[in-house]
Structures are given as C-alpha cells and as structure tokens.
Amino acid sequence: MTDTLPAPAGRAAGGDVIVRPARPRDAASFLEMYASVAAERRFIRSEVVRQPVRDYRSQFRRSWNDEGAHVVAVVGDRVIGHASVRRDEHPVTRHVATLGMAVAADWRGRGVGTKLLSEVIRWGRSVGVLKLLLSVYPDNEAAIALYRRFGFVEEGRLARQSRKSHGFEDEILMARWLGEDQRE
Ligand SMILES: CC(C)(COP(=O)(O)OP(=O)(O)OC[C@H]1O[C@@H](n2cnc3c(N)ncnc32)[C@H](O)[C@@H]1OP(=O)(O)O)[C@@H](O)C(=O)NCCC(=O)NCCS
C-alpha cells in the first residue's frame with residue numbers, strides 16, 4: 001500500500017517520497033499544499049480553500065474504503081501530493097468513481113502524480129469500480145498528458161462549466177475503463 005520514490009536531486013533534507021492512504025495527522029499539511037495549488041488559480045476548480053482542517057482530519061480517518069480514497073504523497077511530515085477518488089452513490093452509476101489530484105508546484109514532473117494515480121487505480125480495482133472519471137481544464141497540458149499516458153480518453157467537453165476569477169472555462173471529461181471488457 002506504500003511506495004517510495006527517490007528524492008529529487010539537490011533536495012538533501014526530506015528523504016524519499018512515500019505514497020500511502022492519508023492519515024488524520026496529514027490534514028494540516030495537506031490543506032497547506034492544496035491551498036497553494038488553489039492559489040495558482042489555473043489547474044483546479046477551487047481558487048480559495050475554505051474547508052477547516054478538522055473536516056479533512058475526519059475524512060482521513062477512513063481514507064481507504066468502499067466509497068472512496070484519499071491518497072497522499074509525503075516527504076517526512078510534508079504532504080507534497082494528494083489524490084482523492086469518490087464512488088458514485090446512485091445504483092446505476094455505482095461502477096463509476098470520480099477523481100481529482102494535485103502535486104505541490106516544487107515537486108511536479110518527478111513522478112509523484114504517476115504514483116498517486118497508480119494508487120487510485122489500485123483502489124478502484126480493489127473495490128470493483130469499473131470506470132474512473134475526471135474533469136480537466138483544456139490548457140492543463142501536464143495533467144492531460146498524464147491521464148492519456150494512463151489510458152484515459154476524452155469523453156466530452158462541458159462548455160463554460162467553471163466560472164473562475166479570470167472568466168469562464170470549459171472542462172474536458174476524461175475516463176478510463178478498469179473492467180476487462182469495454183462493453184461488459
Ligand atoms: C497534473 C499533476 C498532478 C501531474 O503530477 P506530476 O507529479 O507532475 O506528474 P508526473 O511527474 O508523474 O508526470 C507524469 C506524466 O505527466 C506528463 N507531464 C508531467 N508534467 C508535464 C509537463 N509540464 N508538460 C507535459 N507533460 C507533463 C508527462 O506525460 C509525464 O510523463 P513522463 O514523465 O513519462 O513524460 C501536477 O502537474 C499538478 O499537480 N498540477 C497542478 C494541479 C492539477 O493540474 N491537478 C489536476 C487537475 S485535473
């Protein structure tokens with residue numbers, strides 16, 4: 001359930017990256033990382049993070065269950081990446097789970113997103129989810145390249161779906177099937 005990556009060159013302190021289900025004590029550091037990605041205003045829907053730490057502390061108590069997962073990448077006590085995935089509640093869409101992820105700006109392009117996404121896929125298979133779904137902004141080249149590399153394909157585009165501080169943005173829907181047979 002855990003995986004390690006070598007620390008990037010020139011990063012003596014901090015040690016290796018560990019990817020694992022989130023724990024309650026990760027909540028504060030996670031929120032700090034998430035707020036900094038939100039403040040970039042470009043990549044994720046949120047531009048400001050308002051949820052209190054206690055909400056995540058409580059969610060991180062059951063971070064890997066039938067309904068969803070929170071996976072973190074940590075270096076020492078610092079959360080440098082996070083992926084969350086949540087299964088649909090409706091009986092006819094129970095086979096679908098929606099995911100989101102973020103890596104701290106100073107750790108991007110070093111394989112952290114790859115490890116997080118692998119864990120999300122492992123969670124999906126372990127609970128019988130057949131389809132992973134996500135939405136991404138059209139100009140988020142890094143994310144789209146990562147998802148394509150994992151076999152996600154575009155399934156549609158929601159026009160002016162997000163109203164960001166700089167204006168409307170379309171969202172591209174991408175999905176990856178985890179079942180054996182595409183039409184099963
Ligand atoms: C998208 C994101 C999660 C990817 O995480 P990451 O740790 O940087 O990804 P990795 O280092 O594992 O890279 C995996 C692949 O992504 C693609 N990729 C990563 N950075 C890229 C870049 N700057 N340009 C183009 N492709 C890129 C490549 O295909 C790469 O594979 P390769 O190394 O074999 O070429 C990260 O960039 C991020 O957090 N961005 C801001 C938040 C965000 O966009 N979240 C997703 C919203 S849908």
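Author: Glu119 counts as buried, at 9% relative accessibility, where buried means under 20% relative accessible area, exposed means over 50%, and partly exposed lies in between, all with a 1.4 Å probe and protein chains only. Its partner is Arg122, and the two side chains meet in a salt bridge at 2.9 Å, N to O; the term stands for a side-chain nitrogen of Lys or Arg within 4 Å of a carboxyl oxygen of Asp or Glu. Arg122, for its part, is partly exposed, with a relative accessible area of 35%. Because Arg122 and Glu119 are three residues apart in helix α3 (residues 112-127), about one helical turn separates them.

Before going on, please note that this is a predicted model, in which local features need pLDDT of at least 70 and side-chain atom pairs count only at pLDDT 80 or more, while totals for chains, interfaces and linings use all residues. Residues are numbered from 1 along each chain as its sequence is written, and side-chain values use heavy atoms, with hydrogens and water left out.

Another salt bridge joins the side chains of Glu155 and Lys131, at 3.0 Å, N to O. This pair links distant parts of the chain, since Glu155 lies in strand β8 (residues 153-164) and Lys131 in strand β7 (residues 131-136), 24 residues apart. Glu155 counts as partly exposed, at 47% relative accessibility.

A further salt bridge brings together the side chains of Glu47 and Arg41, at 3.3 Å, N to O. Here Glu47 is buried, with a relative accessible area of 16%, whereas Arg41 is partly exposed, with a relative accessible area of 37%.

These pairs are among the nine salt bridges that a search of the whole structure finds. As for their setting, the protein chain has four helices and nine strands, which are DSSP runs numbered from the N terminus, helices being H or I with at least four residues and strands E with at least two. Read along the sequence, the elements follow the pattern β-β-α-α-β-β-β-β-α-β-α-β-β. Of the 184 residues in the protein chain, 43% are buried. Among contacts (heavy atoms within 4.5 Å) between residues at least 6 apart in sequence, 60% join residues at least 24 apart.
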